[in-house]
Each structure stands twice: as structure tokens, then as C-alpha cells.
Amino acid sequence: MLKKQGLYLPEFEHDNCGAGFICSLTGKRSNDIIHKALEILVKLEHRGAVSSDGVTGDGAGILIDIPHKFFKIFCDFELPEAGEYAVSNVFLPKKDNQRDYCINIFETEIKNQGLKLIGWRDVPVNSGVLGEIAKTTEPFVRQVFIGKSDESQSERAFNLKLFAARKIAEHTIYDSKLSESQFFYVPSLSTKIIIFKGLLKPEHINEYYLDLFNSALDTRLALVHQRFSTNTFPTWDLAQPFRYICHNGEINTLRGNVSRMFSREEIMKCDAFGDDIKKIIPTILKGKSDSATLDMVVELLLMSGRSLPETMMMLVPEAWEKNPSMSDAKKAFYEYNSCLMEPWDGPASIPFTDGNFIGAVLDRNGLRPSRYTVTKKGNVIMSSETGVVDIKPEDVEFHGRLEPGKMFLVDMNEGRIVNDEEIKEEIASRHPYREWLDDNLIHLRDISAKKGPILYDEIDLKKREIVFGYTEEDLNTIIRPMAQLGKEPIGSMGSDTPIAILSERPQLIYNYFKQLFAQVTNPPLDGIREELITDISLTLGCDVNLFDINPEHCKKLKIQNPVISKHDLDKIRNYDSNPDFNIESISMLYEVNRGLNELEVALENLVTKASKAIDEGANIIILSDRYVDENHAPIPALLACSYLNHALHKLKKRSKISLIIESAEPREVHHFALLFGFGASAVNPYIVNEIVQEQINSKDVTDLEYLAAIKNYNKAVGKGILKVMNKIGISTLNSYRGSQLFECVGINTATVEKYFPNTPTRIQGIGLREIEQEIVKRHKKAFQVNDTNVDIEVGGEYRWRRGQEKHMFNPLTVAKLQESVRTNKASTFKEYSELINNQSESLMTIRGLFEFDQFDPIPLEEVEPWTAIVKRFKTGAMSYGSISKEAHENLAIAMNRIGGKSNSGEGGEDQERFYKSSQGDWKNSAIKQVASGRFGVTSNYLTSASEIQIKIAQGAKPGEGGQLPGPKVNPEIAKTRNSTPYVGLISPPPHHDIYSIEDLSQLIYDVKSANREARINVKLVSEIGVGTVAAGVAKAKADVILVAGFDGGTGATPLTSQKHAGLPWELGIAEAQQTLVMNDLRNRIVLECDGQLKTGRDVAIACLLGAEEFGFATAPLVASGCIMMRVCHLNTCPVGIATQNPELRKKFKGKPEHVVNYMYFVAQELREIMAKLGFRTINEMVGQVQKLNRNKAIEHYKASGIDLTPILHKIDVPAGTKLYNTEQQDHNLEAHLDFKIIKQAHQALFRRQKTHLELPITNVDRAVGAIVSNEISKIYGADGLPEETINIDFNGSAGQSFGAFATKGLSFTVHGNTNDYLGKGLSGAKLIIKVPVESTIVPEDNIITGNVTLYGATAGEVYINGKAGERFCVRNSGAKAVVEGIGDHGCEYMTGGIAVILGEVGRNFGAGMSGGIAYVLDSDDAFKQNCNSADLNIDPIEFEADANQLRQLIESHYMATTSPLAKRILADWEVYLPKFKKVLPEEYRQALLRLEKEQLETA
Amino acid sequence: MGKITGFLEYKRQDESYQSPKERIKNYKEFTIPLEEDKLKDQGARCMDCGIPFCHGGCPLGNLIPDFNDKVYKGKWKEAAEILHRTNNFPEFTGRLCPAPCEEACVLGINEDPVSIENIEKNIVETAFEEGWITANPPKLRTEKTVAVIGSGPAGLAAAQQLNRAGHTVTVFERDEKVGGLLRYGIPDFKMEKTVIDRRVKVLEEEGITFTTNAHVGENVDANKLKDEFDAIVLCGGATVRRSIPIPGADLKGVTQAMDFLKLNNQCVDGLVAFEAIISAENKNVIVIGGGDTGSDCIGTSNRHGAKSVTNFEILSKPTEGRPANQPWPYWPMRLKTTSSHQEGVERFFSISTKEFIGDNNGNLKGLKTVEVEWIFKEGERPQLKEIPNTEKEWDCELALLALGFTGAEKTLAEQFGLDMDFRTNIQASTKDYATNVPGVFAAGDMRRGQSLIVWAISEGRQAAHYVDAYLMGESHLPLKDDSDLPRV
């Protein structure tokens, strides 16, 4: 593995995988299964990536039944009967002496457990197939055979002993300091299965392990896995499958899961192990992947006697909390288990087997595709895609898919598929879980406030507000809206204040932490529209032994929203009617005047007190900072909470208690998120309660009772936390708690290691002393002698105020910038840039800390001209819609004039702008953005781009979506977005076709196919690990990677996101540069930077850190007249920029020349710096970090602790390794099926002649239709070809994104089935998917297409002769589709078009659906309960027009597919029609009425 | 905050005036306040800008959006609290400030700016009416004593701030009443003197001692002060008047505006007899100098019953709109027509007085002028050029010189041994307001030269912070930052 260096931290590596299995239901063993299984992996190779050397695989493996027959033949010792012994391949050190040492220890432990060593067999391997890297780490592989203690030993007892022997041997060897100890690894040790794996490519597995070729080696089942890591230099042991599972996805909650597993071990007991348990733990070995860790926990739970399916249900529970249709027994099972195990959450498709069962589970949100096929010959094949094993249509028995949260299980011994319901109900009925819960679990809401509230006698509120650093903004901008509306406050534009460590004002410690968020390797979630998969309830109390399954586990206190009111806390404090609860309060105050060590001492005392309380039986501890006074200051609650959390871990007492924080500190969502993230189980912000009370008294909060207002506030925080969790892809607070998903910026390592262990901190900064100084400052202010005149501060964090937090854009800088571009006066620009640059130097930004160094001056004329430099300049992605037409076009014209690039943003573009005007100006945005809403993304739109930007995240609100409310969608905007006027538009948090890196790679392939000349740009946001992600994105074949700073602007964002998610670009660019160079991937990629770039100096520093292209957004807007109103979200921009109000738009006074002047000035300033440093070109300058130095002049009590060397780290690489872009990505488009089509459909393309073709297709043929459509768009624009000009019949399984962006004139029929993303961005074509005539399956019972069909489709027709997966018609805005059944989240975010569903509908139908119509055949009247129906009208078909429309679509469906179902319906129309429901979003209905009225008026 | 669409719904509305005919009958203030509802609407016009340029344009850093919002919501008391955070005497600035804030108002880019000053005045007047402005003496007294010399806006602000910090403050005023230029320079029709009195009363109740008729350097020994007080803050103003060195300047009837105004104010206050004032009655009055003092002279002359009132300004006539080289949000030099102008005056620009003509008794009877033009060259100071053949004679019995002030009197500087700068201001920087003599500080016009009231208050507040820090080692008195918008 690569070492930690510079900004790179290896633990932020990610991997994504191809996985699958194949098994024989009949129990027939064969060698052929192995070959078929490996074929699966080969057919999935496009889901992976190639590392820079292109030879070494990231790891692959196969798990099979123990081939007893084979071993009988090839072992030179006697073997007991099958099942009576265990066997495993064992990875051993290369050196003989060390190998012997390991063998010796292993053998000793086998004997210690009373087991019999039967013998060792050397495994024949062919090392010749290995790549260079794999060879250096290749272990010596031997097989060990172990027998039972005696014949009577039960299988379970045998397994426990095997487990103990292996675990203890592992610990002993890993602790041994042997130089090759890491070679020792036992992939499996089972009586049923054996694993062959290594750093191999799939096609090399059976070439390396020669046994696998042997036809005597046979199996009933084979589980295969291939690993694709972002850029890890992987190791042998991390190849999969693991002992029981393999995994495709990512466990986001890992850190919390691991830390809580450690605390569970404090109290773990098992009779079978006795004292050995101490040698067996820790269960989880350090430094392993998320999947390996999960496997270790699965194994432990199996040892506790739970079955494999039960274990999987515990670890990856389905979303039971809000499921009305789930049986009570099952719910009880889940609720019970939630008391002892938090979900291991994240996108996960987890195939598992113990030899008796083989199966798979899917995460609660269904974020990975899993398709299976059952053949008539009794084989079951499961994998990420369908069509990976060649099966004739007539041999297929059934096509299915794994559903969210569901389990697919094959009982190998019974030879049958056990359905999810059956297996789960059986497990749920093993214990009386409901009874246990009823008897033991206490709900907070059921506790009565019998003693009445506790009265608190405290000093004046205002004083306390000052001690805790409250500002007017906290009161009015943060707290009040939450109390009044129950919603998080919204703001706009970016943050331009200094990060906490660079602020001269005392900062709360929370501000030193930044939230992590998901980008690329896993998706953020949409907790609003997909609320049913989320949950923020927690259970509090003492944990008990994980090995026991008994009622003790649920002796807990359950809190539905752990942000609690003062009254709730009083209830808990007073609760004494249950002896199981022992509540202890500990003060978080310290004596402020006792000297500098007092804070540290107080923290130690806190631990001592808590520890004592635990010894005395406390199981809930309340940490409280009440009663501050002149002598007592509060320990920051986060510091206390985190330290206690970790200190109790160390004392092995953590599992005994839950922590409640009673603090005046937390007020905004970020604070609460941190407290939960660092171990709190409930928080009462008591001072906020008091403030709300005051606001009610002063009528600042109106029409609400106190309790209702508090409830509102708590609800808003709860929702906010959910959003923070969702950002990183976590759906339950239970698994978020303690997961520490934050990066620390500005606290030194020593302090972090002690008080916030396992939190990354990379640029050092303050320590405990400075934290204390900040507390003292506030405390002093509150208690100063003459307090007659002391007010709480105004704030100035969100809106500039004098003497408060500094803002880079302030009256003077805005005034100077505007003056300079309007008068074109270089001297005024210089004044502006000096103000900005000096601001930087006075500690506004990290770049402000740098100074240029190692001057090597050259004449200015030798530096490349400004005209060349501005070609690297871009303006930011701002949609038409977020800003006015005038402002949007102004930027485009300006950038086109100078050869730079403007960005369409996520809002489509009027196609009239694609063509130059007669005056020579061009309004076309060179960069076309593809964001999660896919607004206006059509073949023609993509064709008009010279760069296509996939926005993964944006700086202002990474991990979040957006919303354009209906009233803002005027007819003009609706036109460019291909949507209906006045219908609100939602951009989901994730791209629903990017849940992992291989998905991104697919989307890149799709859009590249849609426009081969355009560069594909992937926009990321700076955060820890962005380098690793960038490397992955480079491997996924992006041409440009944009790393944006956290401070970028936006039209609307929750204030928490604006400030607390994402990092300054200095860190992101430097990390990306370092990691890309480290992996020798930098040369393939153009690296771009944006985020509050304002001057030539800013650009110069970005360039020296590694960027070669540069984006500006706020500054050119200011140049166009923006005065940072920060009301973009209110449509009231008084200078006509961020508004659609026609009156206000008239006030826009910006001119293209203003923007041109700005770009010119920046380029000139940059050139001057280049001349000083001695660079003639940008290319020479990229990544030359040695030209930067820390500015020695800066002395500040906080900032002096900053260490910038990680940012300035230069990677030591072989000579010739490029630091900038020198070559183009190879997109491998040559093999694209479309070229075959183009060749054969020439006449159609150029002469519009009707053409018919017939072609075979496989899952490797992806994005079919995109290139053809691109060619059509080039010639015919959006009009395309006449209907049904190019008609093609495809036979087989189509790959992903079939018909992507397919435009008018195409008509494609697939006889077979298709994978995910059918008709993505469909732009007018007709797609038909039908069951082949040879097939005997019942179409409406079978899955025929995958997930996320018609994502962002704008026009066209689709007929699907079978069922589709999750998220059918997601964000469809114009296509018509008929399908015979769908999975969960159907018609999500749909804004237009028609969906006809003739069968089963999954849960959460119509979430966020604001437009379009769905007709659903609701045969069993169950549809409504599966609907997210709040804003939907669900009615029978009442109007003839509707009935006719429906009938006509079904007729078309029948014509296209000969669907038997359609035939039946049409034949019995009168019977079926009443069973249909029409789904009409209320917003859409209103919009249609309004449009009708408007039409009448104009007529 | 505020009403999001307020600026789209309401037009700017200021308080109105009694008709000139009515108002020149007396020396009372003549404004007619807006009704409360209308004022709220005006508050609603504030857009709560992300960057409130008004707040940057205000030398005090008044929290304008914050109090506008409170006014919109009818929370006058809170508005008054916010207003007083940064401004000790909004009743002065609310009447007299030329409102650079309004020039910097974002709404002013393309609409009429928010009527900030009027809102300010109404907030503080409401606060006085409601009795919210009461003495708030410090809880604890330090052992320190401070002398503030001069009781103009700078001195009063410094005194109140230092008193709040617990120091024992004595204000020395050479005139018989407290207020400085506020009292003797500003005519009552712009601010009635009860406005000063009611504020001074509060200051006295807070514990500040006012010693009037105490002219430091004349009848009070400066060195004794230095011994008696731990710190001294000089706020004596820039009182040296500019004169006009042309023939006839010593004629009777050539009068300094400040003499004219002071006597008149004293008369209105009943301190001097009506006969003692310099009357403009039935005279042809020419006011030389087109600034605010000039304007005050015009208003006063009209109230006296002048035969004619004429105003000369040597600079060229400014444009009514913003000049191109003084873009928003900067303070522009543009043609201002004050209420006094409305009361009747003929204004002439680009005109220079060459000579005063007297009669045989040494009384002024007319003056000679010539038209001038200004020559602008890049990098050079503008040059004045007389235009040939434009000489003209004017009848005039009273010429009022409103030509501004050149700096501080030398007395205090000499007595305390202070350095002065080349403009004859007391030398002290805004970093700490300290003079070269330890313990002696300077603020207001005395330090910065003639300026606005709002600057004087600002200087007094700032200086107080540094005086407090000098005395105590640290100060909790509020300090504004240095982000004032510069003049262009």
C-alpha cells in the first residue's frame, strides 16, 4: 500500500467491484461452474479500471465447495469423510525460516484447541501470470487440513475451535514483528468451502491456481469477485471473496461500526471460548478494507450461534422503520436487533455463502444492481449485470433481481430458492422479540413528567449567550427560522470568510471540523424524497453480551428524535420508576481562573468522574455545562463528549453507558452532527430552548406555543442531521453515531490524537491552549466589570458587518472591482487585487499564507500572451434559471470573445444560442453541464458542447441536491429545461446513475459517446481523499477533473452546507496533484481549480499547486454588477442577475466587456508573477510547488501553528513523470456498436432513407445509439430524423445505457433483455424491449430491464415487455413509457411524460414527482400504500380523453411487443379500465390549469 | 429580515417640510414627521444586503439593515438599542448628517436609496418620547480620571464612552454651554438646542461632570490638568476660520459666518440680546462659500428678513447626478439643494470674489467678482483660471464668509507641547489617537481637520477605546474596524 505522504492518506482508498455467483440447484457438481463463474468476471471487466501499468489486477478470487474428491486424489495423506475436516489455502511468508515459524505457531494453536492437524499440501501455482507488483508480494501458498478433536465433536464446536485457533494464530503472528508477518493469511478455514484468490486478473485465476484447471475438481457453487480499487496498491489478502461474503459497494459507516465493535468486545463472553476470548479479540484487524472488516464481524456473529441469513439481517437490515406493510414479528426482530447492532450502511450488494446457503443481500436503498437468472437446467446465476453468461432464451426459467433490503437465498442442501419473506419470517419467529421489546424497551414519549420541570437558577441569559459565543445572527438567522418554520435556514452565494483557524475572532471548536460527503465512490442520499429508508431514532443504555440473544439487550431508552427539549431531559433526569436506568449528571465546567492547565485537568477529572459513575452503576451519563458563572467556564461540549467517548473506550467501559449532552453550545445543525458523530446519544440545547422562549415573548416567533416552537426547532435540527448523514450516504443515525465522518482543519495532531482520535488533521494548527484562550476571551467578555454596554455580537458570518468576521468581498473590494472593469483602468484593478491579496495575507485563506519564492526573473514579453492564458479560463456553472437570461448570455458572449469557456450550468440551454449571431457574438456555452437533474440534457445539447461537465458535487453544498420551485419555472426556463412551465424541478442529491466509480465511468462513456469531440470534465469538491477519488476518476477516463473549493457560490443552500462541508481548494488541488502524480496518472488529465478565485495571485498559486485551468464565478458576476446581495434564492436580485422577475431583469447593466476586462486583468497579473518566477508558459509552472513558501511575516496566535508542508510536498517520482496534461485519454470507443450501425445506415443518415438492420448484442455493448444520435444531431439539430428512419432489431442482452440520448428517427428493438439506464436522456427515439419468441417465460413476472430507466428522458417512446427495476422513469420529463411492473421509487422526480405500469409497483412511488402522468394497473388495490402520495392525485380514470390516451398507449405496447398482458387487457378493456389509477401530481395539475388560462388570455 | 419585496412595493418617502413661507417666520425645526405606518414601509425598503454598503459607508458603522428591519417590524425599542450600539447621539446625526450611507445604499444603484437618516431620527426621537433613553451609569468605577477638552460631538462621545468604562470624566467647555459647533454653529431651525440639552442631561446623570466657561489654556491651566487627570482627550475642534485676503476684507459688514451664526443661536437661546446680533434684515446678503455653513447662513439671513440672499461658490457647479469618476458606492460631489436654499437664494458657481467695496464710513456696500474656470491635468492639482471680461459688481451690505476652517488653534498644542501636522491639526494617528505626549489624546476635527459630525462621534468613540486601553491595559469598549469607504 502507498505510504501516507503530503496530503495523501491511504485510509481514504476506495474500491468497487464486480461480483457474482453461480450455483446448481440440483446439487450437481461440475468443473464447468468454475469456468462459467470466471466468465462472469470477464464480462464485467468494463465495470473496472486499469491502473497505470495495466498489468497487475487489483485482486480477484473464487470460492467453491471443498472438492473432497479432488483432495482424496491429490493429498498424500488420509482424509476423513467430507465435512469431517476443514481445509484452507494458507498464505505464508516467502522466506523458509519465517514460513516455518508461522506454520509452527499455527500448528501449536490448532493443537491448543484440541484439533488434529491432518497435513499440509503445497498448492501448485504458476507465478508466470503475475504482474510485477503482484510478484513482489506473492505469498507461498500451502493448504492445511485440520480434523476434529474427535468424531463426536459437533460441527458448531468444531467451527468454534477452528475460529479460535486461526484468530489466536493471526494475533500472535501479526504481533510478532516478523518482517514477513503480513504474508500470513488464512483466506478461509471451513469444512464446506475453500477460496482461491490473489492479486490476479480474473482470466488468470485458473492459470495461477493450477488445481482449478483440473477436471477432477468440481463444485456445486462458485462465488467470484473482482476488485477494482481507486488507486490502491492492493494486497493479496484483500482480494475477495472473504470467508463468508464478498461485497460490491462501500460501507460508509465503517469507522463508527468498528469503534462500536471494539466497545462490544469489552463485555463479550462465550462459554465455548472461556478465557480464550481475550486472545481472540479484537475481532477486527486493523488496516483492512471495509469489506474485510464486515466479513470479520459476520464471522464473529456466526460464532455466536446466529445463522448466516440472520447475521446478514442484523448487519444490513432492510428499511423497516417506516414500512407499514411489514409484519410485526419482522419489525420486532429488527427493532430488537437495532438495540445491539447499528446498520452497516452504504451501497452494498453482498453475496454470501457458508456452503449450505448461498445468497445475497442488498442495502436498504438498493444502490447496487443485482440481477439473477434461473435456468431450466437448475443453475442460478447472479451478478451485477444480466447477460454475463450465455444462456439461450429457451433455457431460461426466470429472470429476477435483488430488491432493496431484500435477501436472495439458495438452500444448497434443499436445492431450492428460499424467498425473502419465508427466510425472514422464520428467523423473526425464533424468539418472542415483540414481547421482549414491550417488556423492556422504554420510549421517551411514554415517560410522564411526573415531578414537573426542574427549575434552574442561572445568571442572565445575555451573559450566558456571550460566554457561549452567540451572535445576533445565531439568534435571528439560525435559531428563529428553525423555531418558526421547522426548517433549516437557507442562504446563497459562497462563503468568503476565513476558515476557523484563520479567523481572528474566537471560534467555537465545531468550526474546526468539516463534514465529509460522498462523491463518486458512493452516492449521497435523498432523505427528503426517500425518507422511508431513513431513521434518526436511537436507543440509550448499557450494552450486554453480543453472544447472548435475550431480553436484556432491549432494556434501553428509545428516543425518536435525539435532539431533545429541556422538558424531555427533565423527564429523563427524574425517571426513577425503572431500576434498570441509572442516570448520572456530570458537570462540564472548569475553573477558568486557575491557570492554563485547568482545561486539561478538568477533562481528566471528567473521565475519572464518569468512570466512577459507571462503576457505581450509571448507564446514562448527562454531561452538562449549566451554571457557568464568573469563575466557571464551559469545557467545549464537543471536546468533552469526544474525549469521554474515547477515554471510556480505552478504559473498556464505553459499552456500559450512553451519553447525553446538555449544553448551551450547540445551536446549528453542524454542531449537533458533530456531537452525534463523536459519540453522543442525545443532545439538549437548553439555551436554545430559552432563546426560543424569549423570541416567543418578544413576538419574533409568532403564532406558536413554546413547546411547539421547540419541537419545530428540534425537528429542523433532526432533518438537518439527516441531511448531513445523507451527504455521506448514511441513512440511520444509529450507524452515524460515533462514526466521526469529519476532517479536522486547524487543530494540531497531538491534540487531535488525544481528544479526537482517528480524525484526520493535515495542516496542524491550534492546540488545547489556544482553545482555552478562545474560551477565556468569551468568558471574560461576558463577565467584564462594566457590563452596562455589553451586547452580544452582531455576527457578520453570513452577511458582512464591520468589525465582525472578515469577508473577502466587502464594500471596498466590490467597488474597486466594478470600477476597474467598467473604466478598464488597470491601476484600479491593481488596487482591487492588492486589497484581495493583502486580505489573503492577513489570514483570510490558506493561499494567503504563501509567498512566492525562488525568483528567476525573465522579461514580461517572454511570457505567453494573455490571449493564450485566458483560453484556460472558465466561468462557473450557473444555470439559466438560477441567473437571468441577460446575465447568463453576458458571460457566454464574453468568454466566447476571448476563447475561454462559459458553463451552461444545470439548466439546459436554448438551442438558438448554439449558433453564432450575425454580429459575430456567440451565446453558446462551451461547457454543457450534466448534473443530477439532467435538465435539458439531450443529444443536441451535448452535441453543442466543447466540454461536458459531470457535476458530482458543488462547493457550496456538496452531497446535496437542489430545487427550482414551480413559480420560478417560467415558460422560457421550462423550454430550455424541457419541462412544463410552473412545475417545480428537483435536482436529486445523487446522480441516479452514479452510485460508485464504475457507474461514473459508465456515464463518462455515455456522454463521450454522445459527443466524441467534447472533453469530459468531472467536477469534484475538495475534501480529504479527493486525490484518491481523482485518481479513480482519471482511471474512469475523464479528460478534465475540476476540484472546487468549498467556498464556491450557489443560488440556494442550507447555511450549514455553505460553511461546514468541503475544504479550501488549496488542499484539494494539492492532494489531487500529489495523488495523480504518485500514480502516474497526471499526464492523462487536465486539472482545473475553482472556488473564490479572484486575482492573478490566486491563479498563480492554484497553478503552482497543480491546476492548469481555472474557473471564476463570483468575481465575473461582480464584474457584471453583482453586489453580493445573497438573495439569489429569493428572486429579488436588485441588479437583475439572480432573478427572473422581468422588472428586475431590466436593471441588469453588465456588459461582456466588463467580464473580458476582468479576465484580461487577471491574466496580466498572472503574467507578471510568471515573469518574476521565470515561467514562460503555464505548462512549465504547473505543480512547481518549490516556488511557494510559507509567508514568514505572519504571526498570529492561532495561525502560527499551521504547517503547510503537506500542501507543498512534492512527490518523488521517476524522471520524466509528467506534472501536467500531455496526452489524451483513450476512451476505447472504437469497438462501439454504433460504428457498425453508422456504416450500415449511411443512406438513412445522410438521405433520410428508411433502413432496417439486425444485429446481435451483448452486455458489453453499452450506450448503443448515443454515437448515432450525435451524428444525427450534428446534421439535423434537435429535429433529428423523420420517425422510424433507422430501425434495428438487436438480439441478446444489451449493455448499460441502451438508447442513451437516442434521438428522433431511431427505433430500436431488443429481443432479449437490457441492463441499467435504459433510455437515459432519451431524446426522441423509440425503444422496444421484448421477450424473444423462443422464450417460455411469462413476461410480466420477469425482470427484463434494470434500474434507473429513462433517467432524464425528454422525448420518445419506450415499450417494455416485462418488469423494470428500481427508479423507473426517474426525472423523466417527456418520454412515454409502458412497462409491466416496476421496483421501488418509480417515477421519482418525474416532471413530464407518461408512464403506464401494467403490473406490480414497488414502494415510494412518485416521490418528488412534480409533473407528468402515470397510469397504474392496480389489480389488488394495494397501489396507494406504496405511494409517496402527499402531493399526488390518485384517481380512477374518469375522463374519456384519459381512457383513450391509456388505451392507445397499451395498443402501441401490444403492437411493439405482442405482450400477452397487453393483449388480455385490451381484450377485456371494460373489466380492466376501472382497475387503473391515474396519478397526477397536484403541482402539475395546477400548472396545466394555469397554462390553459394563459392560453385563453392570449387568444 | 425585512420585507423581501419591500423595495419593489414602496417608493422612497422622506419627511416633509412646512412651506418656506411658514417656516422662515421662526427658528423652530420645520419638519413634518411621517406616520408610523409609512416609516415601517420605508424600513421595509431595506433589502438586507449581503454586503450592506450603507453600513460600510457610515463612518460610525451604524448597523443600518439591522435597525431598518426592527423599524419595519415596529420594534422601536430594539431599533433604538441597535442604533445606540454604534452611535451615541443619533439625534444629532439623524438631523445633520449628509448621509453618506444613503449614497452607498445598494438600492441607490438604480432606485432612490432607503431613507436611512430619517429612519434613524425617528428611532431616536421615539426612544426619547417613550423614555427609553435613560442614564445607564457604570456599575463599578475605576480609580482613573479623564479630562475631555471640548464638548462638541467628539468630546461628548469620548466622554460617554469613557464614563461607561468606569472612569471619572470631566468635560471642559470654554463657552457657557455645552455642545460646541452643535450649539453655536447649527441654527435652531436645523436642530433645536433642547436636543442637546436632553442628551447632556443623560450624560450628567451617568456621572459625567461638565465644566463650562473653562477655556483650557486661557482660564484653566493645561499643566494642572495633566497632573490632575490620568488622561486627557483633546476634542477642541478645528476652529481656525479661513478668511479671504482681498481688498476690503476689513470693512464693516464683512463677517465670518461663525460669528453671525453663533450670535444668532445665542440670541435664540436668550443668552444675548436681539440687538447684539449681526442682522441681515433689509440687507443684500452675499454668502461666500457653498457648503453647509453657507447654507445655514442663507436660512438665517432669510429669517432675518434679508432684502436679497446670494450665494457664491468658487468651484464649478456640480452635476445633479453622480459624476462618472465618483461611482456608487463612493461619496459623490453633486449639487445639493438644501431646505435653506429652497427658502430663497440665488446661487452662483465658478465665481471668485476679487474685492469688497466700502462706503466712506467703512461699511460694506458691494463687492467685485470674476468668473473662473478650473483646469484639470492628470497628476496635477486642478488650477484656477480667471475668465477675462467677466468682472461684475454686486450690491451687498452683509458678506458672510463661510469658507471653512484651516485647523486647530495653537494654544492647546503649545500648552501641552503637542506636535501638529502640516495642516495644523494635532498629530495623532487613528491607530491609537495618542499624541506625542503620553496620556494626551486627540480626536475629532482637532485631529482630523474639519469634517462631519458623524466623523466626530466616530473619532470620540474610537479614541475612548484607546484611552481606556491606555489606562487599563485592555479595553472592552467597542471599536469599529478600518473598512470605511474612502473618498474618491
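How many residues does helix 20 of chain A have, and how far does helix 20 reach from its first C-alpha to its last?

1. This is a predicted model. Helix 20 covers residues 686-697 of chain A and has 12 residues. Its reach from first C-alpha to last is 17 Å. That is close to the 16 Å expected at 1.5 Å a residue.

2. Helix 20 of chain A is largely enclosed by the rest of the structure, because nine of its 12 residues are buried. The buried residues include Tyr686(A), Ile687(A), Val688(A), Asn689(A) and Glu690(A). Ile691(A), Val692(A), Gln695(A) and Ile696(A) are buried too.

3. What covers these buried residues? Among the elements are helix 14 (461-467), helix 15 (472-485) and helix 16 (566-574) of chain A. Strand 25 (658-662), strand 26 (680-684) and helix 21 (706-727) of chain A also take part in the cover.

4. Helix 20 of chain A is followed by Lys699(A). The phi of Lys699(A) is positive, near 60 degrees.

5. Now turn to strand 46 of chain A, residues 1373-1379. Is strand 46 largely enclosed or largely open? Strand 46 is largely enclosed by the rest of the structure, because five of its seven residues are buried.

6. Strand 46 of chain A pairs with strand 45 (residues 1355-1360) through three bridges, and the two run parallel. Here Tyr1359(A) stands opposite Val1378(A) of strand 46.

7. Strand 46 of chain A is also joined to strand 47 (residues 1391-1397) of chain A, by five bridges. These two strands run parallel. Val1379(A) stands opposite Ile1397(A) in strand 47.

Terms used: Residues numbered from 1 in each chain as written. Chains lettered and ligands numbered in written order. Predicted model: local features only at pLDDT ≥ 70, side-chain atom pairs only at ≥ 80, totals over all residues. Heavy atoms only, no water. Buried < 20%, exposed > 50% of the residue type's maximum accessible area, 1.4 Å probe, protein only. Helix = DSSP H or I, 4+ residues; strand = E, 2+ residues; numbered from the N terminus. Pairing = 2+ DSSP bridges. Expected span 1.5 Å × (residues − 1). Contact = heavy atoms within 4.5 Å.
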